[in-house]
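Welcome! Please take a look at the sequence and structure first.

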Amino acid sequence: MLSGILSIILETVGGFISMMLLVRTAMRWMRMSFVSQVGQFVLATTNWIVLPAQRVLPSVGKLDTCSLVPAWLIESLLVAISVLLTAGGFGNPATALVGVLAIGALELVKVALYLLMGVVIISAVLSWVNPYSPLAPTLNQLTRPLLAPFRRVIPPVGGVDLSPLVLLLVVQIALFVLQGIRAGFTPLLFQ
């Protein structure tokens, strides 16, 4: 029971930090300003890990590796801790390391997809309830590039934009596929 509680706490804290690092990566990729409330919150929650990483990891074009690599390592560490808490250990250290890093990358993609779902839902709700909210411009800027391909294909129905629903469906399918891929890597942990 204690290991289950510890696992929940670690996954919650680690997932939150990974999510904020992914938001920072997305905001840097889109060249968004960090002056907004969202930007200030992201900086406040990630500077402690990103600033030291900037000394070691260079950015690659628009890709902020100083945020992305720590997020991947955090997710990989969470996978390793989860395996240690539930199974008690690994098989061959070399294949286990490959498995942990691969599953960590898949978990990072999963966190990104859940983050995308949350941002799309919040943005859609704000567009109906309070379109002039201080969060609306930042959320719209984050979702616009992902919704644009769907908006070109799917016309509004009765003045209602259905592209967020289609994007959410695509994300759900991607999560399902990701779960199957992860199942393929799990045996590496115990070989």
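Is T46 buried or exposed? T46 counts as buried, because its relative accessibility is 1%, and buried means under 20%. Please keep in mind that this is a predicted model.

**Around T46**

- T46 sits in helix α2, the helix that spans residues 37–54.
- Leaving aside residues up to four places away in sequence, T46 touches M20, L21 and R24.

**Helices α4 and α6**

- Helix α4 covers residues 93–129 and helix α6 covers residues 163–185.
- The axes of these two helices come within 10 Å and cross at roughly 165°.
- Because angles over 145 degrees count as roughly antiparallel, α4 is roughly antiparallel to α6.
- The crossing of α4 and α6 is left-handed.
- On the α4 side, the contact is made by A102, I103, L106, E107, V109, K110, L113, Y114, L116, M117, V120 and I121.
- On the α6 side, the contact is made by P164, L167, L168, V171, Q172, A174, L175, L178, I181, R182 and F185.
- Sorted by class, this contact has 19 nonpolar residues, 1 polar residue and 3 charged residues.

- How many salt bridges does a search of the whole structure find? The search finds 4.
- One of them joins E107 to R182, with the closest N and O atoms 2.4 Å apart.
- This pair links distant parts of the chain, since E107 belongs to helix α4 and R182 to helix α6, 75 residues apart.
- Which residues do salt bridges with shared partners join into one network? The network consists of E107, K110 and R182.
- E107 also forms a salt bridge with K110, where the closest N and O atoms are 3.3 Å apart.
- E107 and K110 both lie in helix α4, 3 residues apart, which is about one turn of the helix.
- E107 counts as buried, because its relative accessibility is 12%, under the 20% cut-off.
- K110 is partly exposed, with a relative accessible area of 30%.
- R182 is likewise partly exposed, and its relative accessible area is 30%.

**A salt bridge between R28 and D64**

- The side chains of R28 and D64 meet in a salt bridge, at 3.6 Å from N to O.
- Where do these two partners lie? R28 is in helix α1 (residues 2–29), while D64 is in the loop between α2 (37–54) and α3 (65–86).
- The two residues are 36 residues apart, and the pair links distant parts of the chain.
- R28 counts as partly exposed, at 32% relative accessibility.
- D64 counts as buried, because its relative accessibility is 1%, under 20%.

**N130 in its loop**

- N130 is found in the loop between α4 and α5, and α5 spans residues 136–153.
- N130 and L142 are 12 residues apart in sequence, and their C-alpha atoms are 17 Å apart in space.

Methods:
Residues are numbered from 1 along each chain as its sequence is written. This is a predicted model: local features need pLDDT of at least 70, side-chain atom pairs count only at pLDDT 80 or more; totals for chains, interfaces and linings use all residues. Side-chain values use heavy atoms; hydrogens and water are left out. Axes are lines fitted to C-alpha atoms, for helices over the stretch in contact, and angles run from 0 to 180 degrees between N-to-C directions. Helices (H or I, at least four residues) and strands (E, at least two) are DSSP runs, numbered from the N terminus. Angles under 35 degrees count as roughly parallel, over 145 as roughly antiparallel, 65 to 115 as roughly perpendicular and the rest as oblique. A crossing is left-handed if the near helix is turned anticlockwise from the far one by less than a right angle, and right-handed if clockwise. Contact means heavy atoms within 4.5 Å. Ala, Val, Leu, Ile, Met, Phe, Trp, Tyr, Cys and Pro count as nonpolar, Asp, Glu, Lys and Arg as charged, and the others, Gly among them, as polar. Buried means under 20% relative accessible area, exposed over 50%, partly exposed in between (1.4 Å probe, protein chains only).
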